[in-house]
Amino acid sequence: MATGSSAPSAPAPPGSGEKSHLFNFTGISANKAGMGADRKLVADFVYEKSKNSQYTQHQLELDAKQQARAELVAKELRIAEARMSEIELLSERRKIEAELEALEKHRDLSRTHCVVDMDMFYAAVEIRDQPSLASKPVAIGGLGMISTANYVARLYGVRAAMPGFIAVEMVRNPAAIGSKMPPDELVFITPNFAKYTQVAMETREIFRQYDPHFRAMSLDEAYLDLTDYLAAHGVSAEAAVQEMRDRVKARTGITCSAGIGPNRMVAKIASDERKPDGQSQVLPTREAVLEFMDRLPVRKLPGCGKVLENQISIMLGVQTCAELRAAAARVKRAFQGRKTCSFLMRACLGLSSDELAEEGGEVGNVARKSLSCERTFRAESEPAELRGRLRDLCRQVSEDMAASVPPLAGRVVALKTKASSFEVRNKQISLIQPVGFSPNFGKGGEDGREHAEQETARVTQELYKLLEPVLEEQFPCHLRLMGVRVSSFRDQRATLDKGQQLISFFQSKGSEQQEGPSAGAGPDNLNTGMPKPQIQEANVIDLDSSQEDQRDKSRDPPVQSQSLPKGCLKRVVERLASRRAKRIRLSGVCCPVCGVRVPEDQANRHVNAHYGDQ
DNA sequence: ATACATACC
DNA sequence: CACTGGTATGTAT
């Protein structure tokens with residue numbers, strides 16, 4: 001299993017005992033090494049602590065399934081290759097060379113992208129506000145799950161996404177995981193998301209000055225296109241980013257790391273190189289990019305997680321991007337007909353999908369596509385209790401839909417359940433009429449609040465009525481989690497921020513452009529390597545008319561932009577811009593997590609709601 | 001189209 | 001005490 005440099009390509013011998021799967025699923029891998037602790041010992045330790053849990057049993061099943069599949073494909077590959085003649089192999093080789101050559105056409109070295117990542121963000125904020133913690137092992141989260149660990153805790157092998165109760169044991173018993181640290185007690189801190197959000201706003205104020213269209217991926221990570229800034233100020237990327245990081249540190253007291261590169265993928269990977277409190281640049285030449293990519297383990301490619309890494313290892317015997325490139329022909333055969341194939345081919349050349357997007361006119365869609373709420377709880381069988389939880393979830397989803405701008409209505413609702421065995425089920429219902437709020441919801445006058453409550457209750461009830469029978473189908477059941485999701489929104493664009501991105505695109509590109517908004521505004525395609533559906537101008541028109549016109553257009557086919565009269569788009573953009581300005585004056589602050597605009601006095605509550613009000 | 005699995009922070 | 005939550009997307013059926 002590809003669990004690290006120790007055993008790069010050895011497939012797990014079937015039936016060789018419980019450690020054979022040496023935790024593919026811990027995700028501890030080439031790039032996720034815990035400093036100061038031995039990876040393998042950490043994996044063993046975690047395994048020992050949890051091998052009898054339902055969780056682990058379930059993970060082992062998934063793991064085994066995945067492993068068997070990879071081995072099957074590997075076997076078929078070997079057979080197919082054995083059957084190929086020299087001539088066939090040669091012609092295939094030539095074909096691949098040509099394809100790689102063709103991909104070079106998409107290489108764009110003209111832009112400078114930057115990814116900024118705050119160092120151990122939540123922990124850094126807490127330690128800033130309580131400096132006595134600095135020397136102690138600190139984890140943000142609880143016994144169930146850790147979201148961030150400081151560097152002291154990392155010396156004990158503690159990492160984000162690790163269950164807290166295991167982390168406690170590791171800190172108490174560092175020798176067991178090969179750490180030379182003295183035994184200690186892990187300090188837990190309950191996350192304070194409102195505070196982290198406040199700090200994130202401060203960093204974003206700074207980011208905005210370097211790229212007004214920067215994209216925040218989370219509270220602690222942002223993608224910037226520095227090209228215009230550098231041209232305007234005549235400074236080097238290195239200097240600009242250093243200055244930006246200095247300003248972030250001065251303003252927030254927290255360090256960050258950054259990567260600079262000719263596209264978002266390269267910048268993202270580079271941001272990991274000199275962490276913490278460092279920056280790294282990949283120069284905009286083909287040679288520099290290839291040299292950088294070549295030594296990279298494939299696992300470092302955003303989008304290549306532990307499963308794909310393992311597949312690549314088992315099926316191709318490949319660990320690094322250089323090997324991946326050399327094995328392009330086999331990559332193609334192994335993943336033929338799958339998006340993964342083109343993703344890998346481009347990625348190993350250091351090509352980011354945003355380059356393709358610009359070239360091909362395919363664009364990233366920045367609108368939200370689904371809204372959901374899920375809760376884990378102590379496993380429960382009682383129907384009345386489960387129904388109550390379902391109703392709570394429906395209420396929460398309804399409130400979040402109401403708080404969206406515009407208020408949401410969706411044609412698909414889904415119930416997710418996780419049994420105490422960790423088996424997950426999803427059941428979705430497609431509707432003719434969307435469930436949710438009218439686009440005009442929330443614009444009421446004096447009786448606005450009362451009406452809002454009434455409508456929210458109505459939507460809650462509609463969701464519940466749809467999903468309760470779905471839950472019923474599963475009785476008797478023993479559940480540890482339920483979740484409610486709404487998608488296929490009537491309004492494709494969901495947040496104010498994204499609306500502003502639309503405007504900026506149209507303004508910069510001019511009114512006769514036929515494509516949607518530039519993918520340069522966000523890293524939407526970064527992980528998948530694939531273009532997302534476009535936002536057509538039709539959506540903008542729809543948005544506009546939705547103000548005056550309540551007809552439900554959700555079932556109408558998308559209007560082709562070609563059918564729009566000349567000059568129409570420009571007017572739409574202007575009207576949109578003026579409405580935006582009005583809304584900004586009228587209504588509170590923009591949630592930095594979801595982009596939804598909420599009244600100022602509800603901002604904290606709203607932000608915390610994203611995280612379950614912890 | 002639906003369900004399930006993977007990935008990211 | 002006991003392995004998250006929200007969103008997107010890829011893959012299989």
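User: What makes strand E10 (residues 409-419) and E11 a pair?
Analyst: In this predicted model, nine bridges join E10 to E11. Two strands pair if there are at least two bridges between them, so E10 and E11 meet the criterion. Their directions are antiparallel.

User: Which residues in E11 are the partners of Ala 414 and Lys 416?
Analyst: Ala 414 has Gln 428 as its bridge partner, and Lys 416 stands opposite Asn 426.

User: What lies between E10 and E11, and which residue in the turn has a positive phi?
Analyst: The two strands form a hairpin with four residues between them. Phe 422 in the turn has a positive phi of about 75°.

User: How many residues are around DNA strand B, and which come nearest?
Analyst: There are 22 residues around DNA strand B. Those that come nearest are Ser 218, Lys 268, Asn 426, Gln 428 and Ser 430.

User: Why is the approach of Lys 268 to a phosphate oxygen of DNA strand B called a polar contact?
Analyst: A polar side-chain atom of Lys 268 lies 2.6 Å from that oxygen. The cut-off for a pair of N or O atoms is 3.5 Å, so this pair counts.

User: What is the distance from a backbone N or O atom to a phosphate oxygen of DNA strand B for Leu 308 and for Asn 426?
Analyst: The value for Leu 308 is 3.0 Å. For Asn 426 it is 2.8 Å.

User: Which part of DNA strand B do its atoms within 4 Å of the protein belong to?
Analyst: Of these atoms, 100% belong to sugar or phosphate.

User: Which element gives the most to the surface near DNA strand B?
Analyst: E11 does, with five residues. Helix H2 (54-83), helix H12 (306-316) and E11 each supply at least two. The residues of this surface divide into six nonpolar, eight polar and eight charged.

User: Why are strand E2 (residues 138-141) and E4 called paired, and in which sense?
Analyst: Three bridges join E2 and E4 in the parallel sense. At least two are needed, so the two strands pair. Ala 139 has Phe 188 in E4 as its bridge partner.

User: Which strand order does the sheet with E2 and E4 have?
Analyst: It is an open sheet of three strands, E3-E2-E4, with mixed pairing. Strand E3 (146-149) and strand E4 (187-189) are its edges, each pairing on one side only. Neighbouring strands are turned by 30° against each other on average, direction ignored.

User: Where does UniProt place "domain: UmuC"?
Analyst: The unreviewed UniProt entry lists it at residues 116-305. Over residues 116-305 the chain is 42% helix and 17% strand.

Conventions. Residues are numbered from 1 along each chain as its sequence is written. Chains are lettered from A and ligands numbered from 1 in the order in which they are written. This is a predicted model: local features need pLDDT of at least 70, side-chain atom pairs count only at pLDDT 80 or more; totals for chains, interfaces and linings use all residues. Side-chain values use heavy atoms; hydrogens and water are left out. UniProt positions are given in the numbering used here, feature names are shortened, and annotations may be inferred rather than shown by experiment. A residue is near a molecule or strand if one of its heavy atoms lies within 4 Å of it. A polar contact is a pair of N or O atoms within 3.5 Å; within protein, one must be able to donate a hydrogen and the other to accept it, and residues adjacent in sequence count only if both atoms are side-chain atoms. Ala, Val, Leu, Ile, Met, Phe, Trp, Tyr, Cys and Pro count as nonpolar, Asp, Glu, Lys and Arg as charged, and the others, Gly among them, as polar. Axes are lines fitted to C-alpha atoms, for helices over the stretch in contact, and angles run from 0 to 180 degrees between N-to-C directions.
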